Amino acid sequence: MITQKLFQSANGGTAFHPILMQLAAHIYGKTYTEFMTDYRILVDSNMKCLELFKHDAVSVISDPYRETSAFGAKIIFDGNNSPRAERLVENMQDVESLQIPNPYNCERTLDRIKGVEYYRELLGKDFPVIGWIEGPLAEACDLGGVTEILMQLMMEPEMVTLLMAKCVEMGKSFAKAQIDAGCNIMGIGDAICSQLSDDMYAEYVLPFHQDLIEYIHSLGCAVKLHICGNITHLMPHLAKTGADIIDLDWMVDMEEARKVTGEETWLCGNIDPVSVVQDGSKERIREAYSELRSKKIGEKFIFMAGCEITPFTPIEHVQEMRKVSRN
């Protein structure tokens, strides 16, 4: 399997892949806005982190609004704060008139594609480079607002289903563009799914995830599914998505997740990024890693925090994560 080959670079230990966005920008001396809006800064920031942390994969993950911008929404950036998007979709008429953009013709999606190409120039053809797209429900919420879309999913499911279908088509074309540029793992971020019941996820989102992942696999690319938050109730369904890698946040018991997914899925996670990685100590990180490895989680395991490494995390704490993963 492609992920087995990609993560054989872990030097006999456990593969290590932290999610680096705001911390990477901070280390490189740039604002988060600069990191999100210039692929050269994003890649150079991550290359600096690669020197410091020697992790086993890099990524073009930055923010959730690449496709949102391509669809036509206005994105508001604010220095080191998270960006926000102005609502573009309010009703069925808006959804029906929504045109699926070409990722090569839109500034923010093209910037990410160029980021993948730049990584390949610097790292050669084999190093794991993770592309990134938004999942169907996450992108629907980016376009229509979280509260509004979740309410409409209950009251006007036909509207949200059509919107998600268009988001999947955009996701496919954006994924293909990044794969053509050189990424060999595709990340799918769909964090809002953690707020759904298991029945709602199975009915409305799972078929879209399966379709999207099957398409990406047909292009010869592995898939990493990222739904942060407590997704314990969704695990039986997530095991059916076909994802090669499933990220698990710190609230999820990894041993229980392994029982559900079986031995073939790579599980990625999952120590607390704030209380352990940011605010803890090297000793606490070692303890947390030891606790993880004492569980029956199998060998297909990638070590990271449950979600993004915060910008306030001491560099030596991330370096300690790398160190313990090699023991």
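**Exercise 1.** Which element gives the largest share of the lining of the second largest pocket?

*Solution.* The model is a predicted one.
Step 1: Start with the space itself, which is about 210 Å³ in volume.
Step 2: The largest share comes from α15, with four residues.

**Exercise 2.** Sort the lining of the second largest pocket by residue class.

*Solution.* Step 1: Count the nonpolar residues, of which there are seven.
Step 1: Count the others by class: one residue is polar and five are charged.

**Exercise 3.** Describe the largest pocket and name the element that gives the largest share of its lining.

*Solution.* Step 1: The volume of the largest pocket is about 750 Å³.
Step 1: Its lining consists of 30 residues. Asp63, Pro64, Glu134, Ala191 and Cys228 are the closest to the centre.
Step 2: Two or more lining residues come from each of β4 (81–85), β5 (129–134) and α8 (136–144).
Step 3: β4 supplies the largest share, four residues.

**Exercise 4.** How many nonpolar, polar and charged residues does the lining of the largest pocket have?

*Solution.* Step 1: The nonpolar class holds 18 residues of this lining.

Methods: Residues are numbered from 1 along each chain as its sequence is written. This is a predicted model: local features need pLDDT of at least 70, side-chain atom pairs count only at pLDDT 80 or more; totals for chains, interfaces and linings use all residues. Side-chain values use heavy atoms; hydrogens and water are left out. On a 1 Å grid over the protein atoms alone, a cavity is a set of points where a 1.4 Å probe fits but cannot get out, and a pocket is an open set with protein on both sides within 12 Å along at least five of seven lines; lining residues have an atom within 4 Å of a point. Grid points are joined across faces, edges and corners, and a volume is the space filled by probe spheres set on the points. Ala, Val, Leu, Ile, Met, Phe, Trp, Tyr, Cys and Pro count as nonpolar, Asp, Glu, Lys and Arg as charged, and the others, Gly among them, as polar.
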